[in-house]
Amino acid sequence: MSDAQLASPHDHTTPPETRVRHDWSLAEIEALFALPFNDLLFRAQQVHRAHFDANAVQVSTLLSIKTGACPEDCKYCPQSGHYATGLDKEKLLEIEKVVAQAKAAQEAGASRFCMGAAWRSPREKDLSVVMEMVRQVKALGLETCMTLGMVDADQASRLAEAGLDYYNHNLDTSPEYYGEIITTRTYADRLETLANVREAGMKVCAGGILGMGEAPRDRAALLQQLARLDPHPESVPINMLVKVPGTPLEDVEDLDPIEFVRAIAVARILMPASHVRLSAGREQMDDSTQALAFLAGANSIFYGDKLLTTGNPQATRDRALFDKLGLHPERRDTCHDDDRHQAALEGAVARQARQSRSAALAYDATLA
């Protein structure tokens, strides 16, 4: 599809781009962002319906299993040890408490249980504990996801052997804006972790944060980086910055909700078969903004009172919103087909075997 077709506001006779691509140019992505809002949502809704039940939403619950004192300097994060946010350092939760929380999440309707630890990377003694958490949570019949910071190839392999389904590691923003947000970990470090996760056979959860003072081009470049991953991340969380007092971004200008919804729609078009998650920041969104996000192609949410250390809409509010919009939680057996996923993984591994590791991790910030 040409850039002219992408930018045409009236051409609804041409079927939308529903095939999976990894070669989106920055110019194509910016042309999508520039579409009239109604036309962009129309295209995103067509793509969404070609791959998913339009009224099903995958429901996850996120638990902080180790809070505070993170050595990274991410300017948005209240858990960073670099900033005075009033957050107390806590030890790794006991396995029994994590399993109890997972059972409660399952009873409340969650199909996936995500566990996050404020680490640069897991230590050996901690890795053994979180592996047992994975085994016991998975035994409940829940999908499992973890975010533990950077992991090397051996750590990723061991987590996969324990049965971990998803590993979350966000790119956060564009390569060009990244240095304004984080200095203690490089973009290449993040890509390497994602490569290790994929090579270990786990599914990838990777997205970013909007509203950190980035330019519109940075939002397009972030989505381009995610769409270049092969296969695409199975889960793509799109977060709205939650401004926390004490962090360097506490006074950044708010992002227009319409611009946030545009990013959801473009993510849906670029990664048609991925779950696009309406993630952090939902507590600040009214029902109308969330409804537009679902119309734009969001089909996953975090469900519960907290996202790690920041607020999230209460489960009762979410249930009322689902009832109002006619939405329902996605059942596990409607998630990605395992055979198709396995075939995609095998194809990716074969391609990676033909490339050097340096080439696999490189990105060209000037590529349009």
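The protein contains 13 helices and 12 strands, where helices (H or I, at least four residues) and strands (E, at least two) are DSSP runs numbered from the N terminus. The model is predicted: local features need pLDDT of at least 70, side-chain atom pairs count only at pLDDT 80 or more, and totals for chains, interfaces and linings use all residues. Residues are numbered from 1 along each chain as its sequence is written, and side-chain values use heavy atoms, with hydrogens and water left out.

Of the 368 residues in the protein, 56% are buried (under 20% relative accessible area; exposed is over 50% and partly exposed in between, with a 1.4 Å probe and protein chains only). In soluble globular proteins, nonpolar side chains tend to be buried together.

Beyond its neighbours within four places in sequence, Val130 is in contact (heavy atoms within 4.5 Å) with Ile65, Leu92, Trp119, Met146, Leu148 and Leu159. Across the protein, 76% of the contacts with a separation of 6 or more join residues 24 or more positions apart.

The buried residues of helix 7 include Tyr187, Arg190, Leu191 and Asn196. Just after helix 7, Gly201 takes a positive phi of about 95°.
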